[in-house]
Amino acid sequence: MTTFREPRPANAAQEPTTSEPLRPTTPRRLWGRPMLYTSYSLEMGLLNTRSKQVAVAALIVLGLAMPLGVPDEYLNLLAIGCVAAIGAIGLGLVTGYAGQVSLGHAFFIAVGAYTAAVISGNPEGRTIGFGVTSLFVWLPAAGLVAALAGVLVAPLATRLRGLYLAVVTLGLVFIGEHIFNEWRELTGGSGIGRPAAVPDLFGYRLNVSGPLFTRDQQLFWLMFVLLIIFAVVARNIARSRVGRAFTAIRDRDIAAGVMGISLARYKTVAFAVSSFYAGCAGALLFTISGFFTPNTFNLEMSVLYIAMVLIGGAGTISGAIMGAFFITLLPRATQFLPSVVPFVGAESTDVPNVFQLQVVLYGALIIVFLIFEPRGLFGIWLRVRNYWKAWPFSY
Amino acid sequence: MTEILQMISRGLGLGSVYALLALGFVIIYKSTRVISFAQPAFMLTGAVLVSYFTGPLGFFVAVPLAALATAALALGVERVAIRPMVGRPVFAVAIITIGVDLVVRVFATGLLGIDIRQVGDPWGLESTLIGGVEIQQRHIAMVVTTVVLVTLLFAFFRFTRMGLAMRAAAYDQEAALAQGVSVGAVFAVAWGIAGALAAIGGTFAAAGGSVEQTLGLTALVALPVIILGGLDSLPGAVLGGVAVGVLQELVAQYQYKFPSWLGGNVSAITPWVVMLLVLLVRPYGLFGTREVERV
C-alpha cells in the first residue's frame, strides 16, 4: 500500500540505485492537521482520528465507572443492553454487512442459550447438565454450536435470495420453537423452563453478590467488557478482506461473484459469524435473569433484533450497539409515561395501557426510522457530527 | 375410506382459508415485490370487526362490510407507510410491514377485549351427510367461498382495465409506468384486495370457535404456502394452500403413529418442514418464475 516517504536528499540522485532500498518511515501524525494521514494503515485504523480516540476512551471509562454510581436496577437493564448489543452486532454482520435478511436470529440465540445452560447445568438437576461452570468453557462452546447451526443453514442461503431467505429463516424460528417446547429434558418444557448458565470466572461466582460488589455490578462489568471485545472483533472483521467481501455481496451479489468472491463461501462465513455472536449473546442473556423458558425464542424476539439493527443503523457496528441500548431501555422509559400522560394506564387491565403503548412505539419507530432516517441513529449522529465539523459554515 | 374422505374434507376447508390468505400475499408481492408481514394483523382486524357487526346486521352482511372496512384500513396503511418507500430496498419495505403489523395488531386486540367474541356464522360445528361421508358445513362454506372469490379474482385480472394494469405493473413496473399505468393505484388496489381477503380468511378461520388473539398466527402459515407455490404465482397460492391444508389434517390425524420423540402437535410445523424440503429441490417454489438476474 502507499506509504509516505521522506523526500530524498539532493545528493541522493548520484548514489547507485542498488544501494539499500527506501524503507517506509514510521507513520506519524502531524500536529494540528487531523485529516492528514501519512500512511494507509493510519487512515484505515480502528480509531483513525484523535476525537474518536478521546471519545471511545471516555465512553469506556464512563462505562467502567458506571456501576459505582448507578443504582442496581438500572445496571441490570444496562447489562441486558450490553448482551443485546452483542446479539445485534451479530445480526448486523449478516443483515447489515452481508445483506442476507435473517429473521431466524432467535433460533441461534436459543441454540447458544441451551448449549451454555447444558454445559454449566447441575448434573443432578431436572434437566440435562454437565456441571462445567467456567465461563471460558461454556461461552465459546455456545458460540461454536450456534455457528455450526448457522453453517448448516447456510446452504439454503446460498441458493435463495432476498425475501425467500427471510421466510425460510422465519421457518427456522417456528421449527426451533417446536423442538424446544417438546424436548423437555433439555429445556424443561413450555412454560416451565430451566436454570440458565452460571457465570463462573476463575472459580468466582459473578451472579452472587460478593463481599465488595453486588451481583448487578459484577454482571454489568462482565457484560460491558465482553461487549467491548465482541465489538472490536466485529469491527475488525468488517474492515478486513472478509468484511469487504460481505459488503460487495450485499451491494450486488452477481457482480461480487464475477469479481472472484466465492458467494457460497462468504455467505456461509457470514451466517457462521453471525450465529456465533447470537449464540454467545444467548448464553449470556439469561445468566442475568438466571432462568428461561423455551417460549422466549419466538418471532417477536427476531423482530426485536431486526428493529435494533435497523433503528441503530444497518451496516455499522456502533449503530447496532446504539439500537440495542435504545430498544432495551425503551420499555423502562415508557413506564414513566402514565405519570406524564394522564390517559395512559399503568395496569394491563386499563384500556390504553403502557404495554400496548410499548408495542405501538416499537412498530411506529420501525416505520418512522425506515421512512425518514434509513441510516438509523447512526445517521442522526452523522448529521450532528457533520454539522459541527463544518460549523460555522453550512458545509 | 370414509374416514380418509372426512379428513380430506376438513383439509380442504382449512386449505381454502390458507389459499385466501396466500392469495393476498401473492397479489401484494406481484405488484410491489414485497412480502407483507402485515397480513396477520388484517386477518385479526377483519375477524374482530365481523364479531362486532354480526350482532345487529347478521353474518352475511357483516362479512362483506368487515372486508370493505379492512380493505379501507389496508389502503390507508399503504398510503401512509408503504407509498413513501417506492424505489427503496424491498427488505426495508418488508420490515415496515412488520412494524405495521405490530401497531395494527395492538388496536385489533384492544378492540377484541377480554370477552369471548364469536363471528356468529350460521354453521357452527353442524355437519351434513354427503355420499355417506360426514362433512362439516363450515368446511363446505369455506370451499365454496374460496372458489367464488378465486373465480372473481381471476376474472378481475383477466377482463378488467385495472386487472390488466396490475398484470402489466407486475410484469415490468417501469414499462407499465411509461404506458400510462398508475403504479400508485396498482399498489393501493393490491393492498386493498389483500386486506379484504385477509378479513374473509380470518372470519372463516374463526368460524366454529371464537376470535382469539393468536388468530394472526394462521396467516403466517400462508407464508410457507406461498413459498411452496412460488411467490409470484396465483394458481400456485391456491394449489399450495389446499395441499398444505390437506397435508396438515393428515399429519394431525396420524400423529399417534409417529415416534414419540417428534413430540405432540407436529402438524403445526408441517408446512414449514415441507417448505424447507421443497426449497432444497426447487429454490423458486413449485410454480414460481426464476428471477432473471442482471448485474
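Modeller: Domain bounds here come from an automatic or database domain assignment. For chain A, that assignment gives domain 1 (73-297) and domain 2 (330-388). Bear in mind that this is a predicted model.

Colleague: How far apart are the C-alpha centres of domain 1 and domain 2 of chain A?

Modeller: Those two centres lie 26 Å apart. As for the whole of chain A, its C-alpha trace spans about 85 × 50 × 50 Å along the principal axes, and its secondary structure comes to 16 helices and 4 strands.

Colleague: What makes a residue of chain A count as buried, and what percentage of the chain does?

Modeller: A residue needs 20 or more other C-beta atoms within 10 Å of its own. Of the 395 residues of chain A, 43% count as buried.

Colleague: How do you know that α4(A) and α6(A) pack?

Modeller: Look at who meets whom: A106(A), F107(A) and A110(A) in α4(A) meet L172(A), V173(A), G176(A) and F180(A) in α6(A). Contact requires C-beta atoms within 7 Å, so these residues count as touching. They divide into 6 nonpolar, 1 polar and no charged. Two packed helices are described by the angle between their axes and the distance between the axes. Here the angle is about 35° and the axes are 8 Å apart.

Colleague: Why is the crossing of α4(A) and α6(A) called left-handed?

Modeller: That label goes to a near helix turned anticlockwise from the far one by less than a right angle. The crossing of α4(A) and α6(A) is left-handed, so that is how the near helix is turned.

Colleague: Over in chain B, why are β1(B) and β2(B) said to pair?

Modeller: Pairing takes at least two bridges. Strand β1 (residues 127-130) and strand β2 (residues 133-136) of chain B have 4 bridges, so they qualify, in the antiparallel sense. One bridge joins I130(B) to V133(B) in β2(B). The two strands form a hairpin with 2 residues between them, and G131(B) in the turn has a positive phi of about 55°.

Colleague: What makes up the contact between the chains?

Modeller: Chain B gives 32 residues and chain A gives 35 residues. On the chain B side, α4 (90-112), α9 (216-229) and α11 (270-281) each supply at least two. The largest share, 13 residues, comes from α4(B). By type, the chain B side divides into 27 nonpolar, 4 polar and 1 charged.

Methods. Residues numbered from 1 in each chain as written. Chains lettered and ligands numbered in written order. Predicted model: local features only at pLDDT ≥ 70, side-chain atom pairs only at ≥ 80, totals over all residues. Contact = placed C-beta atoms within 7 Å. Nonpolar A, V, L, I, M, F, W, Y, C, P; charged D, E, K, R; others polar. Axes fitted to C-alpha atoms, helices over the stretch in contact; angles between N-to-C directions. Buried ≥ 20, exposed ≤ 12 C-beta atoms within 10 Å, placed from the backbone.
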